[in-house]
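The sequence and structure come first.

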Amino acid sequence: MKQLHVNHVDISYETVGQGRPVILIHGNGEDHTIFDRTAAILEKRFTCYLPDSRGHGRSRWIGEFHYREMAEDLIQFMEKLNLRNAAVVGFSDGGIIGLMAAARTDRISSLIACGANTRPEGLRGLYLLGMRILHFFGRSPLMRLMGSTDTILPYARIYAYCILIAGPAMTSSCVMNNILRYEGKAFFAMIGLTAGGLLNIFGDFLLVRVFNLGIFGAGLSTTISQYISMGILLLPYLQGKTQSGFRLQDFTRSKEVFQHIIANGFPSLTRQGLNSISTMVLNSTAAIYGDPAVAAISIVTRVINFLFCIAIGIGQGFQPVSAFNFGAGIYSRVRKGFFFALKTGTIIMAVLSVLCYFNSVAVVQFFRNDAEVIVIGEAALRWQCISLLLMPVTMYGNMLFQSIGYSKAATFLASLRSGLILIPCVVLLNLIFGLKGLETAQAVSEILSALITAPFLVHFFAVLPEDQKGQ
């Protein structure tokens with residue numbers, strides 16, 4: 001891309017075509033690529049200028065930016081390129097920038113403003129509140145706290161908006177999925193979640209590759225697939241195929257019920273919360289070494305999570321068995337169920353880790369064909385493959401204690417690989433060994449977490465009583 005220094009900031013831009021100048025201005029959280037298909041049509045008759053606004057795309061990041069400054073960027077952009085009789089096409093914030101610039105220069109002869117406003121007061125209250133919430137969570141400081149670099153930041157903000165909109169669907173799907181599994185209707189849960197995943201994959205290809213929507217297309221695909229998945233999971237409840245149902249008259253204010261929900265769910269809350277914090281620490285540490293390190297660590301984390309999804313499925317199948325039989329006093333089934341899950345999960349992890357270890361370069365290259373990313377990703381992935389064998393110990397130990405109501409032990413064990421061990425490993429190993437330490441941190445954390453979990457399991461099964469009489 002070309003660069004032009006205007007209004008104290010470097011603006012990146014592309015030019016295509018030949019003829020009268022047309023400047024295409026994108027909206028907030030986007031970049032010039034949203035106009036790729038438009039420019040492909042216009043370039044036959046016009047010279048299309050596609051700039052990335054300040055703080056967006058490949059243009060230089062600025063801590064804060066305002067419409068007046070961005071309008072001045074556009075005016076100086078035209079002045080430095082000596083553009084006259086220009087047509088400006090602005091979408092959303094781009095439309096606002098075009099309106100403000102057109103009022104201050106005679107270089108713009110025509111303007112198309114799409115979805116723009118001069119004042120936000122006309123927006124309805126609930127819509128404005130929703131936009132403010134999205135703006136708060138999509139703000140740059142929060143994205144930076146999560147480990148975003150200057151170049152990744154514009155894309156992170158776009159994706160964050162989409163994920164926040166998908167939040168209610170994700171939350172309700174998680175609840176309905178767990179209820180279905182505990183009722184022994186795992187088939188419905190599988191259909192709902194699998195359908196959402198497949199739709200997301202297809203949507204990514206369609207919106208990103210076919211319609212060229214970039215990172216916004218990926219986020220939109222996730223949002224749409226999550227709501228469709230939620231609808232599919234809701235069907236068994238609406239059709240009366242479950243023991244549970246959703247009725248306002250059944251809402252309870254019982255303190256005891258809330259205590260049970262909080263106690264049983266707290267380990268999962270702790271695990272997911274610490275996972276988020278650990279990801280922030282991991283990304284922020286990787287950002288020290290640049291975008292290739294962030295990309296490599298992110299790829300490795302996703303690959304390992306994908307491999308372990310199979311083992312998690314086995315563990316989720318074990319949890320209802322453990323809960324019901326422990327409550328019924330049939331402790332022998334709890335023991336047999338746990339060791340069956342542990343053996344099966346370990347064998348699967350062993351096979352997958354070997355395959356992944358010897359194909360680590362190809363796996364990383366599949367996601368990003370970049371030399372630096374591949375070098376970092378290969379090392380990190382191979383270390384993770386070695387520790388993959390011990391993952392079932394930590395995960396199934398946590399699932400066992402959570403399912404039988406041992407919330408304190410479950411919460412502690414859930415915290416290990418999610419943060420209590422992982423975060424110190426990331427910080428200390430990075431300080432001591434630099435990038436090499438970062439590459440090994442997750443694997444070391446996994447091994448230490450398994451070693452700490454093992455004594456809990458040994459003690460539990462050592463004191464586990466015989467089956468109650470009559471069982």
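Histidine 8 is exposed, with a relative accessible area of 68%; exposed means over 50%, buried under 20% and partly exposed in between, for a 1.4 Å probe and protein chains only. The model is predicted: local features need pLDDT of at least 70, side-chain atom pairs count only at pLDDT 80 or more, and totals for chains, interfaces and linings use all residues. Residues are numbered from 1 along each chain as its sequence is written, and side-chain values use heavy atoms, with hydrogens and water left out.

**Positive phi**

- Most residues other than glycine have a negative phi.
- Histidine 8, which is not a glycine, has a positive phi of about 70°. This residue sits in the loop between β1 (2-6) and β2 (9-17); helices (H or I, at least four residues) and strands (E, at least two) are DSSP runs, numbered from the N terminus.
- Serine 92 also has a positive phi, near 55°. Its place is the loop between β5 (86-91) and α3 (93-102), and its relative accessibility of 25% counts as partly exposed.

**Glycine 217**

- Glycine 217 is part of helix α8 (residues 214-238) and is buried, at 0% relative accessibility.
- Beyond its neighbours within four places in sequence, glycine 217 is in contact (heavy atoms within 4.5 Å) with Asp204, Leu207 and Val208.
- From glycine 217 to asparagine 178 the C-alpha distance is 29 Å, at a sequence separation of 39 residues.

**Helix pairs**

- Axes are lines fitted to C-alpha atoms, for helices over the stretch in contact, and angles run from 0 to 180 degrees between N-to-C directions. Angles under 35 degrees count as roughly parallel, over 145 as roughly antiparallel, 65 to 115 as roughly perpendicular and the rest as oblique.
- Helix α9 (residues 255-287) and helix α15 (residues 407-420) have axes that come within 8 Å and cross at roughly 10°, so the two are roughly parallel.
- On the α9 side the contact includes Ala263, Phe266 and Pro267, and on the α15 side it includes Ser407, Ala410 and Thr411. By class it has six nonpolar, eight polar and one charged residues; Ala, Val, Leu, Ile, Met, Phe, Trp, Tyr, Cys and Pro count as nonpolar, Asp, Glu, Lys and Arg as charged, and the others, Gly among them, as polar.
- The axes of helix α14 (residues 391-403) and helix α17 (residues 435-463) also come within 8 Å, crossing at roughly 45°; the pair is therefore oblique. This crossing is left-handed.
- Among the residues that meet are Met391, Val393 and Phe401 in α14, and Glu446, Phe456 and Phe461 in α17. The contact of α14 with α17 divides into nine nonpolar, four polar and one charged residues.

**Cysteines**

- The structure holds zero disulfides, a disulfide being a pair of cysteine sulfur atoms within 2.5 Å.
- For cysteine 114, the closest cysteine sulfur is that of cysteine 48, 14 Å away and therefore too far for a bond. Cysteine 114 is partly exposed, at 31%.
- Cysteine 356 is in no disulfide, with the sulfur of cysteine 385 nearest at 3.8 Å. Cysteine 356 is buried, at 6%.

**Whole protein**

- The secondary structure comprises 17 helices and six strands.
- Along the principal axes, the C-alpha atoms fill a box of roughly 90 × 60 × 35 Å.
- Of the 471 residues, 44% count as buried.

Methods. A crossing is left-handed if the near helix is turned anticlockwise from the far one by less than a right angle, and right-handed if clockwise.
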